[in-house]
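Have the viewer open while you read.

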Amino acid sequence: MEKINVLYISIEGNTKNFVKNLSEYAKNEHDQDEQKPVINAKEISEQTDFSNETDNFFAFVPTYLDGGNGIDNGVKELMTNVLGEYIHYNNNARKCIGVVGSGNRNFNEQYCLTARRYAKAFNCDLVADFELRGTSRDVTRVYEALINESSKH
């Protein structure tokens with residue numbers, strides 16, 4: 001496995017920061033052991049031209065809600081919808097092999113709700129999660145989870 005592809009959206013910079021740290025960690029791991037994959041990250045935003053993904057990828061998505069608790073009175077997601085639209089574009093969803101979620105644990109059941117919804121919608125696993133910008137331990141844990149999940153596909 002040469003690389004792990006990641007599509008992500010970042011609203012306040014937390015997910016972007018985490019993916020940057022993850023990419024640097026993966027590069028260091030690869031430099032020490034060429035068998036370890038690097039991260040190929042692609043940020044999706046309102047300015048992104050939709051295209052057909054040809055390789056498997058993981059989606060990294062934070063949770064931002066505007067109304068509803070996601071449990072018994074609905075949910076209205078906001079700001080991350082373009083990533084979902086990108087994955088729904090043509091056959092991209094077939095290439096989504098896992099989702100990594102982020103959020104704030106203070107929101108209890110809503111923590112990583114968007115990621116859980118993506119995993120269900122795209123028929124893949126919620127591979128890992130991290131809070132806010134994550135920690136160095138989260139980076140290591142998520143990297144290993146991506147490798148493990150990639151090996152199944």
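N92 is buried, because its relative accessible area is 0%, where buried means under 20%, exposed over 50% and partly exposed in between (1.4 Å probe, protein chains only). This is a predicted model: local features need pLDDT of at least 70, side-chain atom pairs count only at pLDDT 80 or more, and totals for chains, interfaces and linings use all residues. Residues are numbered from 1 along each chain as its sequence is written, and side-chain values use heavy atoms, with hydrogens and water left out.

**Around N92**

- N92 sits in helix α3, residues 92–95; helices (H or I, at least four residues) and strands (E, at least two) are DSSP runs, numbered from the N terminus.
- Its side chain reaches the backbone oxygen of S51 at 2.9 Å.
- Skipping neighbours within four places in sequence, N92 is in contact with S51, N52, E53, F57, Y86 and I87, contact meaning heavy atoms within 4.5 Å.

**The sheet**

- Five strands form an open sheet with parallel pairing, in the order β2-β1-β3-β4-β5; two strands pair if DSSP finds at least two bridges between them.
- β2 (38–43) and β5 (125–131) stand at the edges with a single partner strand each, so one side of each has no neighbour in the sheet.
- From one strand to the next, the twist averages 25 degrees; axes are lines fitted to C-alpha atoms, for helices over the stretch in contact, and angles run from 0 to 180 degrees between N-to-C directions.
- β1 (residues 3–8) and β3 (residues 57–62) pair in the parallel sense over three bridges, and Y8 stands opposite F60 in β3.
- On to the next pairing: six bridges join β3 to β4, which run parallel, with F60 opposite V100 in β4.
- How many of the residues of β3 are buried? Six of its six: F57, A59 and V61 on one side, and F58, F60 and P62 on the other.

**Helices on the sheet**

- α1 (residues 14–32) lies across β1, β2, β3, β4 (96–103) and β5, running at about 155 degrees to β2.
- α2 (residues 81–88) lies across β1, β2, β3 and β4, at about 160 degrees to β3.
- In α4 (residues 113–121), the buried residues are L113, T114, A115, Y118 and A119, and they pack against β3, α2, β4 and β5.
- Just after α4, N123 takes a positive phi of about 55 degrees.

**Aromatic rings**

- A pair of aromatic rings is described by the distance of the centres and the angle of the planes.
- Rings of Phe, Tyr and Trp (its six-membered ring) pair if their centres lie within 6.5 Å; planes under 30 degrees apart count as stacked, over 60 as edge-to-face and the rest as tilted.
- By this rule there are six aromatic pairs.
- F50 and Y86 have ring centres 5.2 Å apart and planes at 75 degrees, so the pair is edge-to-face.
- That pair links distant parts of the chain, 36 residues apart: F50 is in the loop between β2 and β3, and Y86 is in helix α2.
- F50 is partly exposed at a relative accessible area of 30%, whereas Y86 is buried at 0%.
- The rings of Y118 and F122 are also edge-to-face, because their centres are 5.5 Å apart and their planes at 85 degrees; Y118 and F122 are both buried.
- F18, F60 and F130 are linked into a cluster by ring pairs.

**Nonpolar cores**

- A nonpolar core is a set of buried Ala, Val, Leu, Ile, Met, Phe, Trp, Tyr and Cys residues joined through side-chain atoms within 4.5 Å.
- The largest one has 21 residues, and those with the most contacts inside it are L22, I39, F60, V100, V142 and L146.
- β1, α1, β3, β4, β5 and α5 (136–150) are the elements that give two or more residues to this core, and α5 gives the most, with six residues.
- A second, separate core of 18 residues includes C96, V99, F122 and C124.

**Out in the open**

- E34 is in the loop between α1 and β2 and counts as exposed, because its relative accessibility is 66%.
- E34 and E2 are 32 residues apart in sequence and 8.2 Å apart in space, C-alpha to C-alpha.

Technical notes. A polar contact is a pair of N or O atoms within 3.5 Å; within protein, one must be able to donate a hydrogen and the other to accept it, and residues adjacent in sequence count only if both atoms are side-chain atoms.
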